Amino acid sequence: MTVGLIVLCTILAILLIAFCTWFLAMKADGKCPLCILKAIGTKKLHIDLKDVPDYDNNVSVSPMMGWSSWNTLRNKISEDSIYETAQVLVNTGLADAGYRFVNIDDCWQSSMRDEAGKLQGDLETFPSGMEALCKRINALGLKMGLYSSNGTHTCEDLPASLGNEELDARTIASWGVEYLKYDFCHHKTLSGSTPIIEYIDLNRKGYHSEYVLKPEMAKFTGRTKVVKCKDLPSGKGIGFLNHGAGTATFRISVEAGGLYAMTIHSKKNLLNAKRYLQVLVNGNLYEAHFPSGRSFTPDARLQLEIRLQSGENTITLCNPIASMADSSYTQYKRMGEALRRASRDWAAFTGTPEKPITFSICEWGFGNPWNWGAKAGNMWRTTLDIFPNWKSIVHIYNRTIKLYRHASPGHVNDPDMLEVGNGKLTFEENRAHFALWCMMAAPLVLGNDIRLLEDGSPKSMDILSILTNKSLILIDQDPMVRPAKRIKKQGSIDVLARPLANGDTALCFFNKANKVKPIELDIDSLKEEKYLRFNRSGIGYEVHDLWTDERYQATKITASVPPHGVKVYRISR
């Protein structure tokens, strides 16, 4: 045997011993090691959403339209610059075209929460407070949006909403805010690990333990089971709750309904790591976060406040977190539900009409949010941030155009804000960027400094003509919300088409090349694509060129598409 082979065999033996040691240690700690291995590196959503209804918070079914502060103002924002921009939306006709949200991105908030723990506007740059600014913006016929993050801090290291979802949702609802962008900076991924649960006490405030849930009383699914644990006083507990391994369900009857303290007795962490558990009480979700810490004693307790109903109750323990997607869904769903409750509760409290809050999931596409976003919010970012250059726009388009099947009324893919008018984009690139976003049923959120559009210059007029193209906006806002599908590639030209609510079809030729490209399309060929629900008419079609406004009868379309440009048509039968 050669020296090299001996070394290799030695390394393999060491790795095998290490793996077996880890495997046995996980089992001894009440973990399902196979479930851990299965979850490593996956973005797949393991949580079953089959019976979860789509997120419904009564917002518009069409993609939102507005303006965002980040690209223009970044951290140099103030209530004056925001209100000035809001006035420009009205003055330039952008508001009349549909751009009615004034979204204030990061840096609006003070680094301090107030004495009640609530978010507050920066004390220097927003001295009047966010509620007062919202009222001024509303008085212009516009809506105000704000920003936070699904983490300990925002991307600019200011207070964010992780752990404060209910409070922050109620706060912004009380201000009259109607949009929240929820970012992903400083996020903390939920753990797929769960400690061994020894038993659970239930008692009303002022009472000693009234009900005890012991492991042998539970009904188990999956790999979850009672395991031995010499470190616990009872010598046993519920194990294999980790990484979606299974569930433990108790059925308990109580005489008096109301708030109960739930005390979860568990084995302390072996590896000084945080762990997690979901507790479903009659279908209502409560979350238990077990802290990391030193194990001077082997057992620990953690308390939740839950609501039981008089009579029969069902309590299920589980930890469905087996991937980043599971963690992201759970956290964004938490904030989405908090926002939905907050807007409705505030309307009921004040006796005023509800102002539902459009919830924007800005998870950057890391956990494939298009697979779960419709269950948690209204829109979801498909990629990292956009930049004002052609390469960035094409990259985001290429990723988002594939996701057409995931959008529906009130739930849309978000390829990030528009860069029309920014950077060194050419006139044709600006038109293509806008048209592609309209074809993809994307939110139309302006990212340029619209205050510059009041100067009356040819460039400003060109930008305004693009952004206020009524025919294209109608495509974007079509209530059926069926984004374009790339139905064909012809050299450097992508052929996109989307069905519209009145039976029309939107068609776009997108030329990615650096020179003019010709194309010809037989309109009847659209019937071959089932997604379009296009039926042969037997006669000609009315073709509407959405840039030139030319209308004509035809059975085929012939076009020369400019470099980095588009041709867009609405076809009627």
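The legends below describe close-up views of a predicted model. Residues are numbered from 1 along each chain as its sequence is written, and side-chain values use heavy atoms, with hydrogens and water left out. Local features need pLDDT of at least 70 and side-chain atom pairs count only at pLDDT 80 or more, while totals for chains, interfaces and linings use all residues.

**Figure 1. Helix 7 crosses helix 8.** Helices (H or I, at least four residues) and strands (E, at least two) are DSSP runs, numbered from the N terminus. The axes of helix 7 (residues 165-175) and helix 8 (residues 324-350) cross at roughly 40 degrees and come within 8 Å. Helix 7 is therefore oblique to helix 8. Axes are lines fitted to C-alpha atoms, for helices over the stretch in contact, and angles run from 0 to 180 degrees between N-to-C directions. Angles under 35 degrees count as roughly parallel, over 145 as roughly antiparallel, 65 to 115 as roughly perpendicular and the rest as oblique. The crossing of helix 7 with helix 8 is right-handed; a crossing is right-handed if the near helix is turned clockwise from the far one by less than a right angle, and left-handed if anticlockwise. Contact means heavy atoms within 4.5 Å. On the side of helix 7, the residues that meet helix 8 are Glu165, Glu166, Ala169, Arg170, Ile172, Ala173 and Ser174. Their partners in helix 8 include Arg334, Met335, Ala338 and Trp346. By class, the residues of this contact are eight nonpolar, two polar and five charged. Here Ala, Val, Leu, Ile, Met, Phe, Trp, Tyr, Cys and Pro count as nonpolar, Asp, Glu, Lys and Arg as charged, and the others, Gly among them, as polar.

**Figure 2. Helix 4 packs against helix 6.** The axes of helix 4 (residues 79-91) and helix 6 (residues 130-139) are 10 Å apart, at an angle of about 15 degrees. Helix 4 is therefore roughly parallel to helix 6. Their crossing is right-handed. Glu79, Ile82, Tyr83 and Ala86 of helix 4 make the contact with Leu133, Arg136 and Ile137 of helix 6. Five of these residues are nonpolar, none is polar and two are charged.

**Figure 3. Helix 10 lies beside helix 11.** The axes of helix 10 (residues 427-439) and helix 11 come within 10 Å and cross at roughly 20 degrees. This angle makes helix 10 roughly parallel to helix 11, and the crossing is right-handed. From helix 10, Phe427, Asn430, Arg431 and Phe434 take part; from helix 11, Asp462, Ile463, Ile466 and Leu467. The contact has five nonpolar, one polar and two charged residues.

**Figure 4. Asp449 sits in a loop.** The loop runs between strand 19 (444-446) and helix 11 (458-467). Asp449 and Leu73 are 376 residues apart in sequence, yet their C-alpha atoms are 8.2 Å apart in space. When neighbours within four places in sequence are left aside, Asp449 is in contact with Thr72 and Asn422.

**Figure 5. Two cavities of 30 Å³ or more are counted.** On a 1 Å grid over the protein atoms alone, a cavity is a set of points where a 1.4 Å probe fits but cannot get out, and a pocket is an open set with protein on both sides within 12 Å along at least five of seven lines; lining residues have an atom within 4 Å of a point. Grid points are joined across faces, edges and corners, and a volume is the space filled by probe spheres set on the points. The largest cavity has a volume of about 150 Å³. Ser68, Tyr179, Lys181, Asp416 and Met417 are the closest to its centre among the 16 lining residues. The second largest cavity holds about 50 Å³ of space. Its lining includes Trp108, Leu119, Asp168, Ala169, Ile172 and Met335. Strand 3 and helix 7 each supply at least two residues of that lining.

**Figure 6. The largest pocket has a volume of about 1,400 Å³.** Of the 50 residues that line this pocket, Tyr276, Gln278, Leu285, Glu287 and Thr330 are the closest to its centre. Helix 8 gives the most to the lining, with nine residues. The lining of the largest pocket divides into 18 nonpolar, 16 polar and 16 charged residues.
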